[in-house]
Amino acid sequence: MTLLKQLAGIVGPTNVLTDAADLAPYLVEERGLYRGAAQAVVRPGSTEQVAEVVKACAAAGISMVPQGGNTGLCGGGVPSEDGGSVVISTERLNRIRRIDPIDFTLTAEAGCVLVNLQQAAAEVGCLFPLSLGAEGSCRIGGNISTNAGGTNVLRYGNTRDLVLGLEVVLPDGRVWNGLKRLRKDNTGYALQHLFIGAEGTLGIVTAAVLKLFPQPTEIQTALIALTDLDAALVLLARARRASGDAVTGCELIPRIGLELGARHVPGVRDPFEAAHPWYLLLELSSSRPGGLRHALEEMLAEALGEGLAVDAVLADSVEQRRALWRIREAIPEAQKKEGGSIKHDVAVATSLVPEMIRRCTRAVEAAMPGVRVVPFGHLGDGNTHFNLTQPESADKQVFLAQWDRMNRIVHDIVTEMEGSISAEHGIGRLKVAELAHYKPALDLDLMRRLKSAMDPRGLMNPGKILS
Ligand code: FAD
(Lines give C-alpha, C1' and ligand atoms only; values in the text may rest on other atoms or scores of the structure.)
Protein backbone atom coordinates (compact mmCIF):
# COMPACT_ATOMS: atom_id res chain seq x y z
CA MET A 1 0.00 0.00 0.00
CA THR A 2 1.31 3.50 -0.78
CA LEU A 3 2.05 5.83 2.12
CA LEU A 4 -0.77 8.21 1.18
CA LYS A 5 -3.32 5.37 1.20
CA GLN A 6 -1.98 4.23 4.56
CA LEU A 7 -2.29 7.78 5.96
CA ALA A 8 -5.85 8.04 4.61
CA GLY A 9 -6.63 4.80 6.42
CA ILE A 10 -5.42 6.34 9.69
CA VAL A 11 -6.97 9.83 9.55
CA GLY A 12 -9.68 9.41 6.90
CA PRO A 13 -9.34 10.44 3.24
CA THR A 14 -10.65 14.00 3.79
CA ASN A 15 -7.78 14.64 6.18
CA VAL A 16 -5.03 13.85 3.70
CA LEU A 17 -4.73 16.90 1.46
CA THR A 18 -2.90 16.56 -1.83
CA ASP A 19 -4.55 19.06 -4.22
CA ALA A 20 -2.30 22.04 -4.95
CA ALA A 21 -4.98 24.55 -3.92
CA ASP A 22 -5.62 22.77 -0.61
CA LEU A 23 -1.91 22.50 0.13
CA ALA A 24 -1.05 26.12 -0.73
CA PRO A 25 -1.76 27.80 2.65
CA TYR A 26 0.38 25.23 4.48
CA LEU A 27 3.38 25.72 2.23
CA VAL A 28 4.09 29.40 2.58
CA GLU A 29 5.55 31.11 5.61
CA GLU A 30 3.85 34.12 7.26
CA ARG A 31 6.06 36.76 5.59
CA GLY A 32 6.30 34.94 2.26
CA LEU A 33 10.05 34.41 2.78
CA TYR A 34 9.80 30.65 2.09
CA ARG A 35 7.56 28.61 -0.18
CA GLY A 36 7.89 24.87 0.23
CA ALA A 37 6.38 21.74 -1.31
CA ALA A 38 5.02 18.52 0.25
CA GLN A 39 3.61 15.14 -0.70
CA ALA A 40 0.59 15.84 1.48
CA VAL A 41 -0.79 17.67 4.50
CA VAL A 42 -2.14 15.22 7.06
CA ARG A 43 -4.58 16.29 9.78
CA PRO A 44 -4.77 13.76 12.59
CA GLY A 45 -7.59 14.14 15.11
CA SER A 46 -6.08 12.40 18.16
CA THR A 47 -2.74 11.61 19.76
CA GLU A 48 -3.13 7.97 18.66
CA GLN A 49 -3.61 9.10 15.05
CA VAL A 50 -0.51 11.33 15.27
CA ALA A 51 1.47 8.33 16.55
CA GLU A 52 0.20 6.10 13.72
CA VAL A 53 0.94 8.77 11.11
CA VAL A 54 4.47 9.23 12.45
CA LYS A 55 5.06 5.46 12.51
CA ALA A 56 3.89 5.14 8.90
CA CYS A 57 6.07 8.06 7.71
CA ALA A 58 9.08 6.74 9.66
CA ALA A 59 8.62 3.26 8.17
CA ALA A 60 8.56 4.80 4.70
CA GLY A 61 11.60 7.00 5.51
CA ILE A 62 9.58 10.15 4.82
CA SER A 63 10.42 13.34 6.70
CA MET A 64 7.71 15.14 8.69
CA VAL A 65 7.05 18.82 9.32
CA PRO A 66 4.81 19.61 12.30
CA GLN A 67 2.65 22.67 11.80
CA GLY A 68 0.33 24.64 14.09
CA GLY A 69 -1.14 27.99 13.05
CA ASN A 70 1.72 28.67 10.61
CA THR A 71 2.29 32.15 12.06
CA GLY A 72 5.96 31.48 12.91
CA LEU A 73 8.36 34.13 11.65
CA CYS A 74 11.41 31.97 10.87
CA GLY A 75 10.06 29.44 8.37
CA GLY A 76 10.15 26.54 10.87
CA GLY A 77 6.69 25.22 10.01
CA VAL A 78 7.00 25.08 6.22
CA PRO A 79 8.61 22.16 4.38
CA SER A 80 11.61 22.51 2.10
CA GLU A 81 11.20 22.97 -1.66
CA ASP A 82 12.09 19.36 -2.54
CA GLY A 83 8.52 18.19 -1.93
CA GLY A 84 9.57 15.02 -0.16
CA SER A 85 8.00 15.68 3.27
CA VAL A 86 4.58 15.27 4.79
CA VAL A 87 3.21 18.23 6.76
CA ILE A 88 1.45 17.12 9.96
CA SER A 89 -1.05 19.81 10.91
CA THR A 90 -2.37 19.89 14.49
CA GLU A 91 -5.51 21.84 13.60
CA ARG A 92 -7.88 18.97 14.50
CA LEU A 93 -6.22 18.39 17.87
CA ASN A 94 -8.31 21.14 19.39
CA ARG A 95 -9.93 19.85 22.58
CA ILE A 96 -9.49 21.30 26.03
CA ARG A 97 -9.16 18.12 28.06
CA ARG A 98 -9.37 19.59 31.52
CA ILE A 99 -9.51 22.93 33.30
CA ASP A 100 -8.92 23.18 37.00
CA PRO A 101 -9.29 26.54 38.80
CA ILE A 102 -8.09 25.04 42.11
CA ASP A 103 -4.85 23.69 40.63
CA PHE A 104 -4.77 26.73 38.33
CA THR A 105 -4.08 24.45 35.36
CA LEU A 106 -5.51 23.89 31.91
CA THR A 107 -4.82 20.76 29.86
CA ALA A 108 -5.18 21.39 26.15
CA GLU A 109 -4.42 19.67 22.89
CA ALA A 110 -1.71 21.14 20.71
CA GLY A 111 -3.99 22.53 18.02
CA CYS A 112 -6.03 24.79 20.33
CA VAL A 113 -5.87 28.36 19.10
CA LEU A 114 -4.26 30.58 21.74
CA VAL A 115 -7.17 33.02 22.02
CA ASN A 116 -9.57 30.13 22.73
CA LEU A 117 -7.42 29.06 25.68
CA GLN A 118 -7.35 32.62 27.01
CA GLN A 119 -11.17 32.70 26.80
CA ALA A 120 -11.59 29.27 28.42
CA ALA A 121 -9.39 30.40 31.32
CA ALA A 122 -11.36 33.66 31.69
CA GLU A 123 -14.63 31.70 31.89
CA VAL A 124 -13.44 30.14 35.16
CA GLY A 125 -12.04 33.41 36.57
CA CYS A 126 -8.47 32.66 35.52
CA LEU A 127 -5.84 34.14 33.25
CA PHE A 128 -3.71 32.30 30.72
CA PRO A 129 -1.20 35.10 30.27
CA LEU A 130 0.50 34.20 26.98
CA SER A 131 -0.46 37.01 24.61
CA LEU A 132 0.90 37.95 21.20
CA GLY A 133 -0.17 39.64 18.00
CA ALA A 134 -0.93 36.32 16.28
CA GLU A 135 -3.06 34.94 19.15
CA GLY A 136 -6.18 34.63 16.95
CA SER A 137 -4.46 32.06 14.74
CA CYS A 138 -1.35 30.60 16.41
CA ARG A 139 -1.84 27.29 18.22
CA ILE A 140 -0.54 26.29 21.62
CA GLY A 141 1.65 23.48 20.20
CA GLY A 142 3.34 26.09 18.01
CA ASN A 143 3.70 28.47 20.96
CA ILE A 144 5.34 25.71 22.98
CA SER A 145 7.58 24.65 20.12
CA THR A 146 8.81 28.20 19.58
CA ASN A 147 8.83 29.05 23.31
CA ALA A 148 6.84 32.13 22.33
CA GLY A 149 7.29 35.32 24.33
CA GLY A 150 4.82 38.13 23.68
CA THR A 151 3.72 41.05 25.79
CA ASN A 152 3.38 39.58 29.31
CA VAL A 153 6.79 37.96 29.73
CA LEU A 154 8.04 40.48 32.27
CA ARG A 155 5.45 39.33 34.83
CA TYR A 156 4.58 35.75 33.77
CA GLY A 157 7.59 34.48 31.80
CA ASN A 158 7.95 32.87 28.37
CA THR A 159 5.85 29.90 27.26
CA ARG A 160 8.46 27.65 28.91
CA ASP A 161 7.51 29.14 32.27
CA LEU A 162 3.83 28.45 31.61
CA VAL A 163 4.14 24.72 30.86
CA LEU A 164 3.93 22.09 33.60
CA GLY A 165 3.70 18.96 31.48
CA LEU A 166 3.64 17.72 27.89
CA GLU A 167 2.51 14.79 25.79
CA VAL A 168 4.74 14.23 22.76
CA VAL A 169 4.84 11.82 19.84
CA LEU A 170 8.51 10.97 19.33
CA PRO A 171 10.11 10.65 15.87
CA ASP A 172 9.65 6.85 15.96
CA GLY A 173 5.95 7.12 16.83
CA ARG A 174 6.15 6.27 20.53
CA VAL A 175 4.04 8.51 22.79
CA TRP A 176 5.88 10.11 25.69
CA ASN A 177 3.38 10.90 28.44
CA GLY A 178 4.73 13.74 30.54
CA LEU A 179 1.30 15.29 31.03
CA LYS A 180 1.73 16.04 34.73
CA ARG A 181 0.02 18.78 36.71
CA LEU A 182 2.84 18.92 39.25
CA ARG A 183 4.45 22.14 40.43
CA LYS A 184 7.31 20.12 41.86
CA ASP A 185 8.94 17.07 40.32
CA ASN A 186 12.69 16.62 40.69
CA THR A 187 12.89 13.08 39.38
CA GLY A 188 15.83 13.52 37.06
CA TYR A 189 16.01 15.39 33.77
CA ALA A 190 13.04 17.70 33.08
CA LEU A 191 12.30 16.08 29.73
CA GLN A 192 9.43 18.41 28.81
CA HIS A 193 11.88 21.29 28.50
CA LEU A 194 13.68 19.53 25.64
CA PHE A 195 10.61 19.90 23.46
CA ILE A 196 9.85 23.50 24.41
CA GLY A 197 11.55 25.73 21.85
CA ALA A 198 12.68 22.70 19.79
CA GLU A 199 10.63 23.93 16.78
CA GLY A 200 9.35 20.46 16.01
CA THR A 201 12.81 18.94 15.53
CA LEU A 202 12.55 16.42 18.39
CA GLY A 203 8.92 15.30 18.22
CA ILE A 204 5.33 16.46 17.86
CA VAL A 205 3.71 18.02 20.92
CA THR A 206 0.14 16.72 21.13
CA ALA A 207 -1.03 18.14 24.46
CA ALA A 208 0.15 20.30 27.36
CA VAL A 209 -0.67 21.15 30.94
CA LEU A 210 -0.53 24.94 31.23
CA LYS A 211 -0.33 27.22 34.25
CA LEU A 212 -3.19 29.59 34.98
CA PHE A 213 -3.22 32.67 37.22
CA PRO A 214 -5.90 34.72 38.97
CA GLN A 215 -7.66 36.95 36.44
CA PRO A 216 -6.74 40.64 36.84
CA THR A 217 -9.64 42.81 37.94
CA GLU A 218 -7.79 46.10 37.52
CA ILE A 219 -5.73 47.00 34.46
CA GLN A 220 -4.11 50.40 34.00
CA THR A 221 -2.46 51.36 30.73
CA ALA A 222 -0.45 54.48 29.94
CA LEU A 223 1.43 55.76 26.93
CA ILE A 224 4.30 57.91 28.11
CA ALA A 225 6.23 60.30 25.88
CA LEU A 226 10.00 60.49 26.45
CA THR A 227 12.87 62.48 25.03
CA ASP A 228 15.47 60.09 26.29
CA LEU A 229 15.71 56.32 25.87
CA ASP A 230 17.46 55.81 29.23
CA ALA A 231 14.47 57.38 30.99
CA ALA A 232 12.38 54.40 29.89
CA LEU A 233 14.44 52.10 32.10
CA VAL A 234 14.18 54.40 35.10
CA LEU A 235 10.40 54.58 34.65
CA LEU A 236 10.08 50.82 34.34
CA ALA A 237 12.02 50.21 37.57
CA ARG A 238 10.01 52.88 39.38
CA ALA A 239 6.69 51.50 38.14
CA ARG A 240 7.64 48.02 39.33
CA ARG A 241 8.49 49.31 42.79
CA ALA A 242 5.53 51.69 43.11
CA SER A 243 2.97 49.08 42.05
CA GLY A 244 4.12 46.05 44.06
CA ASP A 245 5.63 44.57 40.89
CA ALA A 246 2.34 44.74 39.00
CA VAL A 247 3.87 45.80 35.65
CA THR A 248 2.69 43.24 33.11
CA GLY A 249 3.55 45.06 29.89
CA CYS A 250 6.39 47.42 29.00
CA GLU A 251 6.74 48.15 25.28
CA LEU A 252 9.07 50.60 23.58
CA ILE A 253 7.78 52.55 20.58
CA PRO A 254 9.96 54.91 18.52
CA ARG A 255 8.53 58.02 16.88
CA ILE A 256 8.88 56.48 13.42
CA GLY A 257 6.85 53.45 14.56
CA LEU A 258 3.95 55.67 15.57
CA GLU A 259 4.24 57.74 12.39
CA LEU A 260 4.23 54.69 10.09
CA GLY A 261 1.24 53.24 11.99
CA ALA A 262 -0.73 56.48 11.69
CA ARG A 263 0.13 56.63 7.96
CA HIS A 264 -0.79 53.06 7.05
CA VAL A 265 -3.00 51.39 9.66
CA PRO A 266 -6.62 52.41 10.19
CA GLY A 267 -7.42 53.32 13.80
CA VAL A 268 -3.89 54.35 14.74
CA ARG A 269 -3.53 57.99 15.77
CA ASP A 270 -1.03 60.01 17.74
CA PRO A 271 -2.67 60.91 21.09
CA PHE A 272 -0.18 63.71 21.78
CA GLU A 273 -0.12 67.24 20.38
CA ALA A 274 3.64 67.36 19.91
CA ALA A 275 6.00 64.80 18.40
CA HIS A 276 8.34 62.96 20.78
CA PRO A 277 11.30 60.69 19.96
CA TRP A 278 10.26 57.74 22.17
CA TYR A 279 7.17 56.33 23.82
CA LEU A 280 6.76 53.76 26.55
CA LEU A 281 3.57 51.71 26.72
CA LEU A 282 3.23 50.64 30.30
CA GLU A 283 0.56 48.29 31.62
CA LEU A 284 -0.09 47.39 35.24
CA SER A 285 -2.55 44.73 36.32
CA SER A 286 -3.66 43.04 39.49
CA SER A 287 -6.32 40.63 40.69
CA ARG A 288 -6.82 42.93 43.68
CA PRO A 289 -8.78 45.99 42.50
CA GLY A 290 -7.94 49.55 43.54
CA GLY A 291 -4.58 51.15 44.04
CA LEU A 292 -2.90 50.76 40.67
CA ARG A 293 -4.35 53.92 39.12
CA HIS A 294 -3.20 55.98 42.07
CA ALA A 295 0.29 54.42 42.03
CA LEU A 296 0.63 55.04 38.29
CA GLU A 297 -0.59 58.65 38.49
CA GLU A 298 1.73 59.42 41.37
CA MET A 299 4.69 57.86 39.60
CA LEU A 300 3.91 59.78 36.39
CA ALA A 301 3.43 63.12 38.17
CA GLU A 302 6.84 62.70 39.73
CA ALA A 303 8.43 61.71 36.41
CA LEU A 304 6.85 64.68 34.62
CA GLY A 305 8.01 67.01 37.39
CA GLU A 306 11.56 65.77 37.08
CA GLY A 307 11.54 65.94 33.30
CA LEU A 308 12.01 62.17 32.96
CA ALA A 309 8.73 62.00 31.04
CA VAL A 310 7.42 64.77 28.79
CA ASP A 311 3.75 63.86 28.49
CA ALA A 312 1.47 60.89 29.20
CA VAL A 313 -2.02 59.59 28.43
CA LEU A 314 -3.84 57.06 30.61
CA ALA A 315 -6.56 54.81 29.23
CA ASP A 316 -9.96 55.44 30.82
CA SER A 317 -11.84 52.68 29.03
CA VAL A 318 -11.32 49.33 27.35
CA GLU A 319 -11.53 51.08 23.96
CA GLN A 320 -8.83 53.57 24.93
CA ARG A 321 -6.63 50.75 26.19
CA ARG A 322 -7.07 48.91 22.89
CA ALA A 323 -6.25 52.08 20.95
CA LEU A 324 -2.97 52.47 22.85
CA TRP A 325 -2.01 48.82 22.25
CA ARG A 326 -2.98 49.22 18.58
CA ILE A 327 -0.19 51.80 18.22
CA ARG A 328 2.33 49.17 19.29
CA GLU A 329 0.82 46.22 17.45
CA ALA A 330 0.43 48.12 14.17
CA ILE A 331 4.17 48.65 13.72
CA PRO A 332 5.01 45.41 11.79
CA GLU A 333 1.93 45.84 9.56
CA ALA A 334 2.83 49.48 8.90
CA GLN A 335 6.43 48.56 8.09
CA LYS A 336 5.20 46.03 5.56
CA LYS A 337 3.17 48.73 3.81
CA GLU A 338 6.12 51.13 3.81
CA GLY A 339 8.24 48.78 1.64
CA GLY A 340 10.99 46.32 2.47
CA SER A 341 11.97 45.61 6.05
CA ILE A 342 14.91 43.71 7.46
CA LYS A 343 14.13 42.14 10.84
CA HIS A 344 16.08 41.45 13.99
CA ASP A 345 14.69 39.86 17.14
CA VAL A 346 17.47 40.46 19.64
CA ALA A 347 17.86 40.47 23.41
CA VAL A 348 20.41 42.00 25.74
CA ALA A 349 20.27 42.58 29.49
CA THR A 350 17.44 45.08 30.00
CA SER A 351 19.81 47.75 31.31
CA LEU A 352 21.81 47.55 28.04
CA VAL A 353 18.89 48.09 25.64
CA PRO A 354 19.49 51.85 25.13
CA GLU A 355 23.19 51.31 24.46
CA MET A 356 22.46 48.43 22.09
CA ILE A 357 19.93 50.52 20.16
CA ARG A 358 22.35 53.44 19.89
CA ARG A 359 25.30 51.29 18.79
CA CYS A 360 23.30 49.28 16.25
CA THR A 361 21.66 52.44 14.88
CA ARG A 362 25.02 54.12 14.34
CA ALA A 363 26.43 51.01 12.67
CA VAL A 364 23.56 50.33 10.25
CA GLU A 365 23.20 54.01 9.34
CA ALA A 366 26.90 54.13 8.52
CA ALA A 367 26.61 50.96 6.42
CA MET A 368 23.47 52.04 4.58
CA PRO A 369 22.81 55.80 4.44
CA GLY A 370 19.10 56.59 4.45
CA VAL A 371 18.01 53.35 6.13
CA ARG A 372 15.16 53.98 8.59
CA VAL A 373 15.70 52.29 11.95
CA VAL A 374 12.51 51.15 13.71
CA PRO A 375 13.51 49.58 17.05
CA PHE A 376 10.46 48.57 19.07
CA GLY A 377 9.19 45.89 21.38
CA HIS A 378 9.37 44.23 24.72
CA LEU A 379 11.68 46.59 26.63
CA GLY A 380 10.79 44.97 29.95
CA ASP A 381 12.36 41.70 28.75
CA GLY A 382 15.39 43.29 27.07
CA ASN A 383 13.92 42.13 23.73
CA THR A 384 14.03 44.57 20.83
CA HIS A 385 12.71 44.06 17.33
CA PHE A 386 15.51 46.08 15.79
CA ASN A 387 13.85 46.41 12.40
CA LEU A 388 15.01 48.37 9.41
CA THR A 389 12.74 49.99 6.85
CA GLN A 390 14.11 50.70 3.41
CA PRO A 391 15.37 54.19 2.53
CA GLU A 392 12.50 56.27 1.11
CA SER A 393 13.43 56.08 -2.55
CA ALA A 394 15.14 52.67 -2.50
CA ASP A 395 14.20 49.64 -4.55
CA LYS A 396 12.70 46.99 -2.28
CA GLN A 397 14.63 44.05 -3.74
CA VAL A 398 17.94 45.91 -3.71
CA PHE A 399 17.30 46.77 -0.06
CA LEU A 400 16.32 43.20 0.88
CA ALA A 401 19.48 41.88 -0.75
CA GLN A 402 21.27 43.54 2.18
CA TRP A 403 19.46 41.29 4.71
CA ASP A 404 22.47 39.12 5.62
CA ARG A 405 24.89 42.04 5.73
CA MET A 406 22.64 44.03 8.06
CA ASN A 407 22.00 40.94 10.23
CA ARG A 408 25.73 40.44 10.62
CA ILE A 409 26.30 44.06 11.72
CA VAL A 410 23.52 43.92 14.32
CA HIS A 411 24.22 40.38 15.52
CA ASP A 412 27.96 41.13 15.95
CA ILE A 413 27.14 44.01 18.30
CA VAL A 414 24.49 42.03 20.19
CA THR A 415 26.86 39.09 20.63
CA GLU A 416 29.61 41.42 21.84
CA MET A 417 27.11 42.65 24.43
CA GLU A 418 26.45 39.03 25.53
CA GLY A 419 22.98 39.08 24.01
CA SER A 420 20.86 36.73 21.91
CA ILE A 421 20.38 36.82 18.11
CA SER A 422 16.91 35.29 18.52
CA ALA A 423 15.04 36.37 21.60
CA GLU A 424 11.58 34.91 20.94
CA HIS A 425 10.99 33.91 17.32
CA GLY A 426 13.37 30.95 17.16
CA ILE A 427 15.72 29.81 14.42
CA GLY A 428 13.59 27.89 11.90
CA ARG A 429 15.19 28.06 8.47
CA LEU A 430 15.83 31.78 8.59
CA LYS A 431 18.63 31.80 11.15
CA VAL A 432 20.29 28.40 10.67
CA ALA A 433 23.48 29.98 9.32
CA GLU A 434 23.45 32.71 11.98
CA LEU A 435 23.11 30.11 14.73
CA ALA A 436 26.01 28.11 13.31
CA HIS A 437 28.08 31.31 13.19
CA TYR A 438 27.32 32.66 16.68
CA LYS A 439 26.55 29.67 18.90
CA PRO A 440 29.61 28.31 20.72
CA ALA A 441 30.97 25.05 19.26
CA LEU A 442 30.24 23.12 22.45
CA ASP A 443 26.60 24.24 22.45
CA LEU A 444 26.23 23.16 18.83
CA ASP A 445 27.89 19.83 19.57
CA LEU A 446 25.49 19.12 22.46
CA MET A 447 22.50 20.15 20.37
CA ARG A 448 23.57 17.85 17.49
CA ARG A 449 24.10 14.91 19.88
CA LEU A 450 20.67 15.46 21.38
CA LYS A 451 19.07 15.62 17.95
CA SER A 452 20.75 12.44 16.75
CA ALA A 453 19.91 10.59 19.99
CA MET A 454 16.22 11.43 19.70
CA ASP A 455 15.85 11.43 15.92
CA PRO A 456 18.72 9.30 14.59
CA ARG A 457 17.35 9.25 11.03
CA GLY A 458 16.77 13.01 10.96
CA LEU A 459 13.15 12.68 9.85
CA MET A 460 11.56 15.23 12.17
CA ASN A 461 11.53 18.71 10.64
CA PRO A 462 14.89 18.45 8.87
CA GLY A 463 16.86 21.57 8.01
CA LYS A 464 15.40 23.55 10.90
CA ILE A 465 17.59 24.97 13.72
CA LEU A 466 20.59 22.80 12.75
CA SER A 467 21.89 22.35 9.20
P1 FAD B 1 3.84 27.38 13.48
O2 FAD B 1 4.21 28.63 12.76
O3 FAD B 1 2.83 26.51 12.84
O4 FAD B 1 5.12 26.56 13.83
C5 FAD B 1 6.22 27.16 14.46
C6 FAD B 1 7.28 26.08 14.74
O7 FAD B 1 6.80 25.14 15.69
C8 FAD B 1 7.64 25.26 13.52
O9 FAD B 1 8.99 24.90 13.61
C10 FAD B 1 6.77 24.01 13.62
O11 FAD B 1 7.35 22.89 12.99
C12 FAD B 1 6.71 23.83 15.12
N13 FAD B 1 5.45 23.26 15.63
C14 FAD B 1 4.20 23.75 15.51
N15 FAD B 1 3.33 22.98 16.18
C16 FAD B 1 4.05 21.96 16.73
C17 FAD B 1 3.73 20.84 17.53
N18 FAD B 1 2.49 20.60 17.94
N19 FAD B 1 4.73 20.02 17.91
C20 FAD B 1 6.01 20.23 17.52
N21 FAD B 1 6.36 21.27 16.76
C22 FAD B 1 5.40 22.13 16.37
N23 FAD B 1 6.18 35.33 18.58
C24 FAD B 1 6.57 35.66 19.82
O25 FAD B 1 7.29 34.89 20.46
N26 FAD B 1 6.19 36.85 20.40
C27 FAD B 1 5.39 37.74 19.77
O28 FAD B 1 5.07 38.78 20.32
C29 FAD B 1 4.94 37.40 18.46
N30 FAD B 1 4.11 38.23 17.79
C31 FAD B 1 3.70 37.89 16.55
C32 FAD B 1 2.83 38.76 15.87
C33 FAD B 1 2.39 38.44 14.60
C34 FAD B 1 1.45 39.38 13.90
C35 FAD B 1 2.82 37.24 13.98
C36 FAD B 1 2.34 36.86 12.61
C37 FAD B 1 3.67 36.37 14.63
C38 FAD B 1 4.13 36.70 15.92
N39 FAD B 1 4.98 35.85 16.62
C40 FAD B 1 5.38 36.17 17.88
C41 FAD B 1 5.47 34.60 15.99
C42 FAD B 1 4.49 33.41 16.09
O43 FAD B 1 3.18 33.82 16.26
C44 FAD B 1 4.88 32.50 17.22
O45 FAD B 1 6.14 31.95 16.91
C46 FAD B 1 3.90 31.36 17.50
O47 FAD B 1 4.28 30.76 18.73
C48 FAD B 1 3.87 30.27 16.43
O49 FAD B 1 2.74 29.43 16.65
P50 FAD B 1 2.08 28.64 15.43
O51 FAD B 1 1.01 27.76 15.96
O52 FAD B 1 1.68 29.56 14.37
O53 FAD B 1 3.31 27.74 14.97
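Guide: Start with V374, which counts as buried because its relative accessibility is 0% and the cut-off for buried is under 20%. Keep in mind that this is a predicted model.

Visitor: Where does V374 lie, and what does V374 touch?

Guide: V374 lies in strand β18, residues 372-376. Leaving out residues up to four places away in sequence, V374 touches P254, I256, G257, L260, I331, Q335, H385, F386, N387 and T389. Contact here means heavy atoms within 4.5 Å. D185 is 189 residues from V374 along the chain, and 43 Å separate their C-alpha atoms.

Visitor: Why is A301 called partly exposed?

Guide: A301 has 49% relative accessibility. Buried needs under 20% and exposed needs over 50%, so a value in between is partly exposed. A301 therefore counts as partly exposed. A301 sits in helix α11. From A301 to R449 is 148 residues in sequence and 56 Å in space, C-alpha to C-alpha.

Visitor: What makes the phi of N147 worth a remark?

Guide: Phi of N147 is positive, about 45°, and N147 is not a glycine. Most residues other than glycine have a negative phi. N147 is found in the loop between α5 (140-146) and α6 (153-156).

Visitor: Is N147 buried or exposed?

Guide: N147 is buried, because its relative accessibility is 16% and the limit is under 20%.

Visitor: What is the phi of E199, and where is E199 found?

Guide: Phi of E199 is near 50°, a positive value in a residue other than glycine. E199 is found in the loop between α8 and β10 (204-211). E199 has a relative accessible area of 9%, so it counts as buried.

Visitor: What makes a set of residues a nonpolar core?

Guide: The residues must be buried, of the nonpolar kinds such as Leu, Ile and Phe, and joined through side-chain atoms within 4.5 Å. The largest such core has 46 residues. Those with the most contacts inside this core are I224, L226, L235, L280, L282, F386 and L388.

Visitor: What does L282 touch?

Guide: Residues up to four places away in sequence aside, L282 touches Q220, T221, A222, I224, A239, V247, G249, C250, L296 and M299. A second, separate core of 32 residues includes I140, V163, L166 and I196.

Visitor: How do you know that domain 3 and domain 4 are in contact?

Guide: By counting residues: 15 of domain 3 are in contact with 16 of domain 4. The centres of these two domains, taken over C-alpha atoms, are 23 Å apart. The domain assignment also gives domain 1 (3-89) and domain 2 (96-214).

Visitor: Why is one space called a cavity?

Guide: Because a 1.4 Å probe fits there but cannot get out. The structure holds one cavity of 30 Å³ or more. The largest cavity has a volume of about 50 Å³. R31, L73, K343, H344, D345, W403, H425, L430 and K431 line this cavity. By class, that lining has three nonpolar, two polar and four charged residues.

Visitor: How do you know that the second largest pocket lies between two domains?

Guide: Domain 2 (96-214) and domain 4 (341-425) both give residues to its lining, so the pocket lies between them. Its volume is about 760 Å³. Of the 32 lining residues, the closest to the pocket centre are G197, I427, L435, K439 and M447.

Visitor: Which element gives the most to the lining of this second largest pocket?

Guide: α17 does, with four residues. α8 (192-195), α16 (432-438) and α17 (441-454) are the elements that give two or more. The lining has 14 nonpolar, twelve polar and six charged residues.

Terms used:
Residues numbered from 1 in each chain as written. Predicted model: local features only at pLDDT ≥ 70, side-chain atom pairs only at ≥ 80, totals over all residues. Heavy atoms only, no water. Buried < 20%, exposed > 50% of the residue type's maximum accessible area, 1.4 Å probe, protein only. 1 Å grid on protein atoms, 1.4 Å probe; cavity = no way out; pocket = protein on both sides within 12 Å on 5 of 7 lines; lining within 4 Å. Points joined across faces, edges and corners; volume = space filled by probe spheres on them. Nonpolar A, V, L, I, M, F, W, Y, C, P; charged D, E, K, R; others polar. Domains from an automatic or database assignment.
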